[in-house]
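Good morning, and thank you for coming. Please look at the sequence and the structure on the screen while I go through a few local features.

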Amino acid sequence: MAKIWVLGNGQLGAMLKHAAAPLGLDVEPVDIDSTTPITLAADDLVTAEREQWPTTDITTQLANHPNFVNLPVFPTLADRKTQKELLDSLAIATAPWRPVEASSSADELHAQLGEKVLLKRRSGGYDGRGQHWLHQPLGTVIPDQWHDHAIAEQAINFDEELSLVGVRDAGGQMFFYPLTLNLNTNGILRATVSPVARLQGLQAEAEAMLGSLLSELNYVGVMGMELFRQGGQLMVNELAPRVHNTGHWTQAGASISQFEYHMRAVAGLPLAAPWIKATSVMINLIGSEFNEQWLSVAGAEVYWYQKAVRPGRKVGHINLSHTEPAKLTASLQALAGLLEDDYQEPIAWSLRELNSAAGN
Ligand code: ATP
Ligand code: MG
């Protein structure tokens, strides 16, 4: 049977493999720094768990395989400048931006974008790394190494952050999950809630945005689209050509998880619409040591990534999904008692959302 190779062997690769196992798919995540040669068969398939990668023996070997799905899409989306240009070319609303060129000055960027400007590295940033704020009249100097390597964005005073995760197959069929409500703190995702009834009115517009991108790119598989909501307006923050942290709740709350969708699309299997089973909350585990007591909480579905624990590092997540808000609330409260101080606000945030949805 043909193998499906995944460029990258982090948690996303592991969860892709896990989701594909019940379908009998042979999936092998590959460490980009591995020096162990692999043998790729002509009918094997290649996908990726990350949008960019260094050139190593193994990434070169994978990238040279003719069945690397979406290969031309990665450079376009991994560079924030070309990603923004793509959004502009499709008239999809996004935070106003300018390239940071060799000759750009902070004054010029403030004149174009306002008094708060966020510099973002064109590539390689994640979890808020690779960002630099320019605040007028305070520190308004572009750091040296950022010229030609960054874009500048207007600070968006958003009401909240949302995301849409969707899938497209090679024949152009697409499915989307309900919008997800996200809490990011200091640039890192802490928690998500989905579906959220009060966001239903924005679903069609978000699907049109992501749908036009997937079609334009002739994309196959799962893509994540991060959004800012400002009043009734949606604006794209960024795109990820892969399974996305804000779609992890689908492991608990949908008949087909985002990981399974991606593998089905890559393998050319039928997709089918997802059944959404219940409201789901996902809590990211960030910089915490594993605590087996988490497993004592009813409904807690723990995913531990087996990575070295470091401050600010995503090391796992916990999904909770139930049709009864009271059950979700009780388990979230129990979890709060087993997590450190910096989890209290994300959990309180998800409880507020569940409460207001329940009309309390
Ligand atoms: P990820 O880990 O999702 O890849 P990232 O570090 O690559 O994240 P962004 O998603 O662009 O970068 O930014 C991280 C967070 O910073 C956003 O979720 C949002 O909270 C905040 N942010 C980003 N852009 C802006 C903006 N233009 N105005 C205000 N806040 C912003
Ligand atoms: Mg982001």
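The side chain of Asn245 makes a polar contact with the side chain of Asn284 at 2.8 Å, and another with the side chain of Lys314, at 2.8 Å. A polar contact here is a pair of N or O atoms within 3.5 Å; within protein, one must be able to donate a hydrogen and the other to accept it, and residues adjacent in sequence count only if both atoms are side-chain atoms. This is a predicted model, in which local features need pLDDT of at least 70 and side-chain atom pairs count only at pLDDT 80 or more, while totals for chains, interfaces and linings use all residues. Residues are numbered from 1 along each chain as its sequence is written, chains are lettered from A and ligands numbered from 1 in the order in which they are written, and side-chain values use heavy atoms, with hydrogens and water left out.

Asn245 sits in the loop between S13 and helix H7 (250-253); helices (H or I, at least four residues) and strands (E, at least two) are DSSP runs, numbered from the N terminus. Is Asn245 buried or exposed? Its relative accessibility is 9%, so Asn245 counts as buried; the term means under 20% relative accessible area, with exposed over 50% and partly exposed in between (1.4 Å probe, protein chains only). Leaving aside residues up to four places away in sequence, Asn245 touches Leu189, Met282, Asn284 and Lys314, where contact means heavy atoms within 4.5 Å.

I turn to the metal site. Glu226 (OE), Glu226 (OE) and Glu238 (OE) coordinate the magnesium ion (ligand 2) at 1.9 to 2.6 Å. Glu226 belongs to strand S12 (residues 221-230) and Glu238 to strand S13 (residues 233-240), so the pair ties together parts that are 12 residues apart in sequence. Donors are N, O and S atoms within 2.8 Å of the metal (3.2 Å for Na, K and Ca); water is not among the atoms, so sites may look incomplete. Glu226 is buried, at 17% relative accessible area, whereas Glu238, at 21%, counts as partly exposed.

Finally, the sheet. Three strands form an open sheet in the order S2-S1-S3, with parallel pairing; two strands pair if DSSP finds at least two bridges between them. Its edge strands are S2 (26-30) and S3 (45-48), each pairing on one side only. Strand S1 (residues 3-7) is joined to S2 by 5 bridges, and Leu7 has Val30 as its bridge partner in S2.
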